[in-house]
Amino acid sequence: MERSENVFYEEVANLPDIEEFAYGKVEGSKTSTELVLKKTSNTVEPPAHWEEVLEGIRKMRSSEDAPVDSMGCEKAGSLLPPKERRFAVLVSSLLSSQTKDHVTHGAVQRLSEKGLLDADAIIKTDEASLASLIYPVGFYTRKSQYMKKIANICLEKYGGDIPRSLDGLLSLPGMGPKMAHLVMNVAWDDVQGICVDTHVHRISNRLGWVSKPGTGKKTSSPEQTRISLEKWLPKDEWVPINPLLVGFGQTVCTPVRPRCGVCSINELCPSAFKEASSPGSRAKKSGARIKKQ
């Protein structure tokens with residue numbers, strides 16, 4: 001930890017395969033009631049061929065070989081008792097922002113080894129020690145501060161457990177809608193919304209599944225994407241859509257040079273081969289053109 005934290009922040013910001021996170025509340029600290037009202041008003045027609053596209057992605061993801069499949073936030077504390085596991089999922093979700101899955105997973109393991117996936121233990125540990133253990137997750141110093149504050153709130157208000165409502169989770173320091181929905185889904189098995197990270201946001205736009213209301217233009221934030229998706233995607237898909245698209249984004253529909261040439265749904269994707277692609281993808285595309293001629 002000898003490098004300046006500002007330099008580390010700049011390096012993290014330039015990584016393409018990360019989760020977005022804004023310190024501070026999203027869009028004016030909306031409560032869950034406001035979010036529900038926003039998502040339930042005006043349903044829209046589902047995009048064409050969405051079921052075929054989703055099934056194609058499922059087949060490509062059947063091997064479960066993406067980082068999210070073994071190191072995602074929902075795996076945190078899987079062997080712990082329910083109360084402890086909920087807190088572990090909350091901590092893992094906080095650490096995951098601006099951080100790749102394997103880095104988050106390593107940090108959670110180190111905390112677990114020290115018995116620090118527990119609110120009472122975190123309260124008794126100084127911030128510098130926490131920061132050292134979770135480094136090099138993005139914003140590790142600030143997240144160590146948030147861990148202490150969250151642990152204190154959870155002890156004072158919830159007996160060491162975590163909030164059971166979306167409002168309660170959103171009121172915690174450093175928690176935004178993406179993380180809150182993930183925690184609600186995994187920790188409480190209470191599905192109130194889709195967990196939309198940068199992968200889900202990017203891929204939904206590439207597929208033409210989402211748009212800004214009344215404009216037809218791409219959504220500009222994960223929260224806009226969540227609201228747009230929830231207007232047509234069946235609720236039984238709200239939980240599985242996140243790990244499905246995250247893994248797809250980590251292995252095939254990558255942020256830079258998406259592997260359109262090996263994607264089985266490229267004929268149904270309006271963005272196929274339109275972004276900077278790898279030499280293999282360009283060769284595949286050229287070969288397909290020659291074959292058609």
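**Entry 1: overview**

Helices (H or I, at least four residues) and strands (E, at least two) are DSSP runs, numbered from the N terminus. With that in hand, I looked up the make-up of the protein chain and found 15 helices and 0 strands. I kept in mind that this is a predicted model, where local features need pLDDT of at least 70, side-chain atom pairs count only at pLDDT 80 or more, and totals for chains, interfaces and linings use all residues. Residues are numbered from 1 along each chain as its sequence is written, and side-chain values use heavy atoms, with hydrogens and water left out.

Next I checked burial (buried is under 20% relative accessible area, exposed over 50%, partly exposed in between, with a 1.4 Å probe and protein chains only). Of the 293 residues in the protein chain, 51% are buried. I then turned to contacts (heavy atoms within 4.5 Å). Among contacts in the protein chain with a separation of 6 or more, 65% join residues 24 or more positions apart.

I looked at pLDDT, the predictor's confidence in each residue, from 0 to 100. The mean for the protein chain is 84, and 80% of its residues reach 70 or more. Helix H3 (residues 50-60) has the highest confidence, at a mean of 98, and helix H1 (residues 5-13) the lowest, at 34. Residues 36-41 stay under 50, and the model gives them 12 contacts beyond four places in sequence. Residues 285-293 are also below 50, with 1 contact beyond near neighbours in sequence. A note to myself: where pLDDT is low, the predicted coordinates should not be read in detail.

I compared end-to-end spans with the expected value (1.5 Å times one less than the number of residues). H6 (residues 101-113) has 13 residues and reaches 18 Å from its first C-alpha to its last, close to the 18 Å expected. Its buried residues include Val103, Ala107 and Leu111. What do the buried residues of H6 pack against? I found helices H4 (67-71), H5 (82-96), H8 (127-134), H9 (140-158) and H14 (241-251). After H6 comes Gly115, with a positive phi near 70°.

H9 has 19 residues, which should span 27 Å; its end C-alpha atoms are 25 Å apart, which agrees. Among its buried residues I noted Tyr140, Lys143, Lys148 and Cys154.

**Entry 2: two residues up close**

Setting aside residues up to four places away in sequence, Asn242 touches Cys195, Val196, Asp197 and Val200.

Leu229 sits in helix H13 (residues 222-230). Leu229 is buried because its relative accessible area is 0%. Beyond four places in sequence, its contacts are Ile194, Val200, Ser204, Trp209 and Val210. Ser204 is 25 residues from Leu229 along the chain, and their C-alpha atoms are 8.2 Å apart.

Last, I looked for cavities (on a 1 Å grid over the protein atoms alone, sets of points where a 1.4 Å probe fits but cannot get out; lining residues have an atom within 4 Å of a point). The whole structure has 3 cavities of 30 Å³ or more. Of the 16 residues lining the largest cavity, Cys253, Pro258, Cys260, Cys263 and Cys269 are the closest to its centre.

Definitions and conventions. On a 1 Å grid over the protein atoms alone, a cavity is a set of points where a 1.4 Å probe fits but cannot get out, and a pocket is an open set with protein on both sides within 12 Å along at least five of seven lines; lining residues have an atom within 4 Å of a point. Grid points are joined across faces, edges and corners, and a volume is the space filled by probe spheres set on the points.
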